[in-house]
Amino acid sequence: QVQVMESGGGSVQPGQSLTLSCEASGSRLNIGPVAWYRQGPGMQREMVAARASGGATNYAESVRGRFAISRDDAQNMVYLQMSNLKPEDTAVYYCKIGRIQLGRPVQYYWGQGTQVTVSS
């Protein structure tokens with residue numbers, strides 16, 4: 001079983017920065033694709049940033065140039081650096097981890113989410 005835990009959320013003012021962390025744990029864990037999603041009040045969950053095993057990244061148009069996803073495979077960590085935050089970035093942010101197992105499809109695991117609030 002894989003455990004995924006996000007941290008780093010909080011309340012900030014518009015224009016400020018915040019970095020979210022995601023830690024994955026589990027035996028013989030080989031992390032493949034990773035991603036950050038968010039769900040704002042009354043909104044559907046949407047992909048914010050994704051990073052493939054090979055390093056290719058993909059961002060939602062609304063955050064491109066402001067957010068950056070990175071990973072530390074040695075530590076099983078994934079990060080989301082967020083800058084120039086806007087009120088519309090307010091949401092619960094979720095980390096999604098893809099686990100690679102030989103001969104099996106990638107299995108995905110989600111964390112419980114961390115709240116980010118951007119308000120003046």
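This is a predicted model: local features need pLDDT of at least 70, side-chain atom pairs count only at pLDDT 80 or more; totals for chains, interfaces and linings use all residues.
**View 1. The disulfide of C22 and C95.** The sulfur atoms of C22 and C95 lie 2.1 Å apart. The link is left-handed, with -85° about the S-S bond. Distant parts of the chain are linked by this pair: C22 belongs to strand β3 and C95 to strand β9 (residues 91-99), 73 residues apart. Both cysteines, C22 and C95, are buried.

**View 2. The open sheet of four strands.** The strands follow the order β1-β3-β8-β7 and pair in antiparallel fashion. Strands β1 (3-7) and β7 (67-72) stand at the edges; each has a single partner strand, so one side of each is left without a neighbour in the sheet. On average, neighbouring strands of this sheet are turned by 15° against each other, direction ignored.

**View 3. The pairing of β3 with β8.** Strand β3 (residues 18-25) and strand β8 (residues 77-82) run antiparallel and are joined by six bridges. S21 has Y79 in β8 as its bridge partner. In general, strands of a sheet pair through backbone hydrogen bonds.

**View 4. A nonpolar patch on the surface.** The patch is formed by I100, V106 and Y108, which together have about 230 Å² of accessible area. Y108 is located in strand β10 (residues 107-110). The relative accessible area of Y108 is 41%, so this residue is classed as partly exposed.

Conventions
Residues are numbered from 1 along each chain as its sequence is written. Side-chain values use heavy atoms; hydrogens and water are left out. Patches are made of residues with over 30% relative accessible area and no salt bridge: like charges are joined within 9 Å, nonpolar side chains (Val, Leu, Ile, Met, Phe, Trp, Tyr) within 5 Å. Accessible areas come from the Shrake-Rupley method with a 1.4 Å probe; for residues, only the protein chains shown count as cover. A salt bridge is a side-chain nitrogen of Lys or Arg within 4 Å of a carboxyl oxygen of Asp or Glu. Helices (H or I, at least four residues) and strands (E, at least two) are DSSP runs, numbered from the N terminus. Buried means under 20% relative accessible area, exposed over 50%, partly exposed in between (1.4 Å probe, protein chains only). Two strands pair if DSSP finds at least two bridges between them. Axes are lines fitted to C-alpha atoms, for helices over the stretch in contact, and angles run from 0 to 180 degrees between N-to-C directions. A disulfide is a pair of cysteine sulfur atoms within 2.5 Å.
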